Amino acid sequence: MSPYCILFPVLVILIPYVATYTYAFSHVSDVRLAVSSSLSVATDSNHLVTDQPDKNKPKYGSRTVKPTEALLTSYDKLVQSAYVRHILLHTEEMSELIYKMLYNSTEVVDFLSSSHNHSSVEDQSPVYTKGIASDPFGNLANQISMCEKSKQEGGLLGWIDNPSYQASSDEKPRNSYITDHPLLPKEAIHEIFTRKPKSGDVLTVKSNLGVHLLRVEDVLVKYRHEGQNKLIKTRSKFGGKGTAAVAPSFLADSTTETYHILTNGCQMNVADSERMEGVLSNSLNLSPSTSVKDANVVVINTCSIRDHAESKLYDQLGPLAKRKRNGEALALIVTGCVAQQEGELLLRKFPEVDAILGPQYVNRLGDILQDVSQGHQVIATDPTLIMEDISRPVRSSRVRAWVNVIYGCNEHCTYCVVPFTRGVEQSRPMEAIASEVLELARNGYKEVTLLG
């Protein structure tokens, strides 16, 4: 048989595909050219131009949003105090120079190493025992601050109360007036909180003492039942048997109560579950249970990335809801991305659930459970500011560890739900991150994954 007899039918089959591919390739090239042209125009105006606004994006669009701008509850109702350090300088020019140096690690290390090596005074500060790179602000304060009383402690001023804080009805009135801090005049304190700082912020404030370069290490945020947060004190009886919800007595006698955490989804959820276990184990002294059937406190940490995430949650809630309807003393907590998305709607579907927590409230689990122990239902999904954890996480591995460096996101990619479920971008202070990683290294961990 002639080879042409075989080749001809093959060509007849392939020619339509080749023609289609050629047309598609040329069409894609035209599209790429059009996109490139539109992007170059957008770049010239410093923002992306679209013909139609995306209704799914928040009102602030592509602009970088500060966490304080995303709050639905007033800043002065949330932030009680700030944990502050400072470097006292002569002029604003020096403050600007040191500020720029802080964000250039090479300059900081070179300057501090040179200063320390040529110092004629034997340094007794514990700051240096942590290493220059782990605490650049503290080391700079130790070297150049004019404040003799704070420089040996890395510029520490401590907790400073917000003079404009608005106490809730269940709190004792505070901050009706404010006196001078021993190292910071009251005018400077007012100026700090007027700027609404969050954890990790660096500010420059002037006073009669000089120019203060201030670093906010942490903020004390009050958990309040305002905005999207709700405290439901009157609960209806469950249908069927007509039983009422019974809360466990884990605050009265925590040694007899147990907990179990069900974790779904990504590494961030795994890290959040470890943080919540730190609260349950270290702060509330509850004991872990190997079986969800025997636990008095059950936390379901949810994920909303995949199609069947909600169905998986409902499957997990079914047997637990039955235990609640049968009158068992069980605290049923749902947290994570599905909790943030569904909010109060989830309570309508499953009235047996005691608390709904968005990811920003993971380290407030102890406060939430205090309300639950009184028989209340809690919804905590209101945007808030992140605080450093008081309890250390209970790691699931002795070799590998998860360390959060940032919470939330401002990008709003079309395919991603993170900005809507984890809130706007909030970074942890780099000193806090470095301290956590160094402690892990001292404890023998070999692998650290930075999450953000």
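Modeller: Helix α9 (residues 309–325) lies across β6, β8 (297–302) and β9 (331–336); helices (H or I, at least four residues) and strands (E, at least two) are DSSP runs numbered from the N terminus. This is a predicted model, where local features need pLDDT of at least 70, side-chain atom pairs count only at pLDDT 80 or more, and totals for chains, interfaces and linings use all residues. Residues are numbered from 1 along each chain as its sequence is written, and side-chain values use heavy atoms, leaving out hydrogens and water.

Biologist: Which strands are the edge strands of the open sheet?

Modeller: Its 7 strands follow the order β5-β11-β10-β9-β8-β6-β7, with mixed pairing. Two strands pair if DSSP finds at least two bridges between them. Pairing on one side only, the edge strands are β5 (230–232) and β7 (287–288).

Biologist: What is the bridge partner of T258 in β7?

Modeller: Strand β6 (residues 258–263) pairs with β7 in the parallel sense over 2 bridges. In β7, the partner of T258 is S287.

Biologist: How much space lies in the largest cavity?

Modeller: A cavity is a set of points on a 1 Å grid over the protein atoms alone where a 1.4 Å probe fits but cannot get out, and lining residues have an atom within 4 Å of a point. Grid points are joined across faces, edges and corners, and a volume is the space filled by probe spheres set on the points. There are 3 cavities of 30 Å³ or more, and the largest holds about 110 Å³.

Note on methods: On a 1 Å grid over the protein atoms alone, a cavity is a set of points where a 1.4 Å probe fits but cannot get out, and a pocket is an open set with protein on both sides within 12 Å along at least five of seven lines; lining residues have an atom within 4 Å of a point. Contact means heavy atoms within 4.5 Å. Axes are lines fitted to C-alpha atoms, for helices over the stretch in contact, and angles run from 0 to 180 degrees between N-to-C directions.
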